[in-house]
Amino acid sequence: MKRSLVLAGGGMRVAWQAGVLKALEEAGLEFTHVDGTSGGILNTAMMLSGQDADQMMKHWASVKVSHFSSPLPLRDYLRGPWNLPALSSPEAMITKLFPSMGVDVEAIRKSKTPGTFNIANFTEKRSIAVSSKDVDPQLLVAGMSLPIFTAPLHRDGATWTDAAWIRDANITAALDHGAREIWLVWCVGNSPYWGNGPLEQYVHMIEMSATGGLLADFEQAKAAGREFVLHVIKPEHPLPLDPVFYLGRISASTLMSMGYRDAVAYLERSRPEGVHADYRCTAMTDGPVGVSWNEQLSGHGFGVRLTVWLPLDDMQPGTVTGFITGRRGKPPIPLAAGGVVRTATAWEYRARARIDGSWVPLVIRRDVPAGRSIFEQLPRAAAELGTRRAKLRMGLLGRIRMLISLEPFGAHGLRQRIFAVRDTLKMLRTARSE
């Protein structure tokens, strides 16, 4: 059966997709066609350049935010804000980003797996699925150049730009390539929350266009009698917006670990008939208010690099994402099904990792004696990876980095964000008495 992989947009959040692709690769899924839109173009280009999931994740882990844009010529800024073609130039994506991410246009053109890249022809007001055999660096970059933020491509009497305002995933292109099963990897926000301010509402407009285009594809396929099985991998809650990434408040590694977690969870509950091709397939819920932080622990034989997600509501379970590291030069192993377990005497992280084809449980435990707080126990933890046991440690620099990494999630507005951090620090410092 022909199977298409459709990588939707999502700005810098598409680092999350690399973790998804790792889980799909482990599951043995192969695709006869790959489609990319907006930020999804970058991951599509990396795949068609011949990279496997580990290579993609390695590139994303070392990505530099500065490679996504470069300044316009000074004369453009001197014209004043109302005459700017955009806030930045896409030149750095061609000269720096593509080489650093292993994008090879010649390899893309010769790839045995056909691909399509959706790029908006503004002159004709339509999205065009450009074949992988016909792409060039300028077109790829144009498809990732959101209006206002990055200047478009002017070529051959037409203006080319990001297609997100028309569609953010191309189901029709997948069907045109004979797909009977479509795996849609979606990280565009789709929750009922309506935020205030120009940035959030700019994003909301993209969300509406993206979902509207997706639903139009579904309706067109239904009207034409084109049947297919649809699988959708998405976050449970909307991912952080790009400024959080640009400011270093969340890393590509954290996003990848979240993508792996979400993909494994979907694969384990998925059914052969897939999901309904309607508005429900990409719907998300607003997450609880809480705070996340990063922990890096090392020990003899292996270490861990974790992001802990702790809701302020005790009724909501905490979660853990991250990687097992330090296994003698082997690539980091992402974690799945990670959770936080708190008792009167201990603080545990529990997860599992796929090692040599089998799932292996991981438990990281800090004992918290009565009258003591978790902060006092941060420097050390006991770990069990299957039958292996290790003592893990966090140095002083690691503890400082942990505190600096505190980041609210699910919080809207400055006041709620400040209170979320304050309440979390209070909870961590307070000894548990139950």
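Q: What places S38 in a loop between β2 and α2?
A: S38 falls between β2 (33-37) and α2 (40-48); helices (H or I, at least four residues) and strands (E, at least two) are DSSP runs, numbered from the N terminus. The model is predicted, local features need pLDDT of at least 70, side-chain atom pairs count only at pLDDT 80 or more, and totals for chains, interfaces and linings use all residues. Residues are numbered from 1 along each chain as its sequence is written, and side-chain values use heavy atoms, with hydrogens and water left out.

Q: Why is S38 called buried?
A: Buried means under 20% relative accessible area, exposed over 50%, partly exposed in between (1.4 Å probe, protein chains only). S38 has 6% relative accessibility, so S38 counts as buried.

Q: What makes D162 a strand residue, and why is D162 called buried?
A: D162 belongs to β6, residues 158-162. Its relative accessibility is 2%, therefore D162 counts as buried.

Q: Which residues does D162 contact, leaving aside neighbours within four places in sequence?
A: Contact means heavy atoms within 4.5 Å. On that basis the partners of D162 include S38, A120 and G143.

Q: Where does UniProt place the feature "active site"?
A: The unreviewed entry puts this feature at S38 and D162. They span 125 residues in sequence, yet no two of their C-alpha atoms are more than 5.7 Å apart, so they gather at one spot. UniProt annotations may be inferred rather than shown by experiment; positions follow the numbering used here, and feature names are shortened.
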